2 protein chains.
Amino acid sequence: MRIAELSRRTGVPVPTIKYYLREGVLPPGERTSPNQARYDDTHIHRLRLVRAMVEVGGMPLATVREILDQVDADDVQSDIDKLLGTVQRAVFSTVQPHADAERQTAKEAEIVDYLRNELGWHLPLNNPAIAALASVVVTAEDLGHARFVEFIYRYAPIIGEIGVVDLDYVATAQDLDFMLESVVVGTTLGDTAILALRRMAQTNESARRFPNIRHRTFD
Amino acid sequence: MRIAELSRRTGVPVPTIKYYLREGVLPPGERTSPNQARYDDTHIHRLRLVRAMVEVGGMPLATVREILDQVDADDVQSDIDKLLGTVQRAVFSTVQPHADAERQTAKEAEIVDYLRNELGWHLPLNNPAIAALASVVVTAEDLGHARFVEFIYRYAPIIGEIGVVDLDYVATAQDLDFMLESVVVGTTLGDTAILALRRMAQTNESARRFPNIRHRTFD
């Protein structure tokens, strides 16, 4: 198909498609003349994946490219772990470590100690999520919410069950390409789904505890 | 204290503080001369809260202002529900409903039906998280991941337990101001904490299932 049809079938405007081609997040079509190229279903699929990462996942295009480069690389075939690492770094690149490096480091050690020794988690020290979580806890302390960390520790075993569901999803993939894509989709769309469910769970729990308060948003 | 000391004690540069004052997310200090104002501990506290929402929560300043206006308003005193709604809309304003309005609407109905009838959740139809979740599910279908919705339904009862912890946290607040702030802090910092814990849970579960794969990131 021509670029106009690719645009029509995906709903992505032609200038945006050209931008994605220039930025290397969409592979070039098969050139049929100096000014024209032909695209196929793989382009439709990739374009939708890019849109999901940008629009639902809120990722900058540089991050999208970094992840797709890894999905496309031959040597990633045996290395889901590496892809998971890239996706993790991409998602947490916006969370800065706390300015107080000493408290940040001490809190990272405390968190790792808790998750490993109390919950028995296998946890590599260079997992970028550790720094992100420590930054959250130290920031909460700064705000006078030092007790928030106790509630984060209550989250941990609950979220442990989410990790089980996540690995079940990746395991359902029929082939390796789909498995890699499942990591990307499950992480990007899954994050948004989980935060949305958290809002609904809060609303539900609020209604359950305070049945006498009129919940204005109730139908 | 003068603005220079406010900057020193919070680590926020003076030009940024002036910007926040102009944007109305930080209340003005007490004017002591035409060119000088005096600030107090409430400014330190508010400044840290703004930074947490911007840097950890990744919120645009317009969203921060909208939330703080509600926290400061007198009539919100009895209306945690309204504040929760504002925070929810703020967080999900970046998730667009799916372009196919018919599928989006049908999926919203399906999700609400499941959560209400299978899980017994109290769920108002205008909760913005419903639209965000439906958008995720329809986008996953577009990507050939139609089965992802089954896994989202497996997340739901797990995340239900997160809602219980969240309401416990809000309930520990000693006064109403702190309760309102707990909603903001718990939502903003809590989202980041939950996603960070999800990454660690995935790593842990991956290591548990595939003990023979060398996990490169392991120490």
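Tutor: Let's begin with two words: helices (DSSP runs of H or I, at least four residues) and strands (runs of E, at least two) are numbered from the N terminus. By that rule, chain A has nine helices and two strands. This is a predicted model, in which local features need pLDDT of at least 70 and side-chain atom pairs count only at pLDDT 80 or more, while totals for chains, interfaces and linings use all residues. Residues are numbered from 1 along each chain as its sequence is written, and chains are lettered from A and ligands numbered from 1 in the order in which they are written.

Student: What is the order of the elements of chain A from the N terminus on?

Tutor: The elements run α-α-β-β-α-α-α-α-α-α-α.

Student: What makes strand 1 and strand 2 of chain A a pair?

Tutor: Pairing asks for at least two bridges found by DSSP. Strand 1 (residues 30-33) and strand 2 (residues 36-38) of chain A run antiparallel and are joined by three bridges, so they pass the test. Arg31(A) stands opposite Ala37(A) of strand 2. With two residues between them, these strands of chain A form a hairpin.

Student: Why is Thr188(A) called buried?

Tutor: A residue is buried if 20 or more other C-beta atoms lie within 10 Å of its own, exposed if 12 or fewer, and partly exposed in between, with C-beta atoms placed from the backbone. Thr188(A) has 28 other C-beta atoms within 10 Å, so the word buried applies. Thr188(A) sits in helix 9 (residues 176-209) of chain A. Leaving aside neighbours within four places in sequence, Thr188(A) is in contact (C-beta atoms, placed from the backbone, within 7 Å) with Ala52(A), Met53(A), Val56(A) and Gly57(A). In chain A as a whole, 43% of the 219 residues count as buried.

Student: How do you know that Leu6(B) is buried?

Tutor: Leu6(B) has 22 C-beta neighbours inside 10 Å, so this residue passes too. Leu6(B) belongs to helix 1 (residues 3-10) of chain B. Not counting residues up to four places away in sequence, Leu6(B) touches Met1(B), Ile17(B), Tyr39(B), His43(B) and Ile44(B).

Student: How many residues of chain B are in contact with chain A?

Tutor: 81 residues of chain B are in contact with 80 residues of chain A. Helix 9 of chain B gives the largest share of the chain B side, 21 residues. By class, that side has 42 nonpolar (Ala, Val, Leu, Ile, Met, Phe, Trp, Tyr, Cys and Pro), 17 charged (Asp, Glu, Lys and Arg) and 22 polar residues (the others, Gly among them).

Student: Why can we say that the copies meet through the same surface?

Tutor: Because 99% of the interface residues of chain B are also interface residues in chain A.

Student: What shows how the two copies are related?

Tutor: Superposing by least squares on the C-alpha atoms of residues with pLDDT of at least 70 in both, chain B can be laid on chain A with an RMSD of 0.0 Å by a turn of 180° and a shift of 0.0 Å along the axis. The two copies are thus related as by a two-fold rotation axis. Of the residues of chain B, Ile158(B) comes closest to that axis, its C-alpha at 3.2 Å.

Conventions
Contact = placed C-beta atoms within 7 Å.
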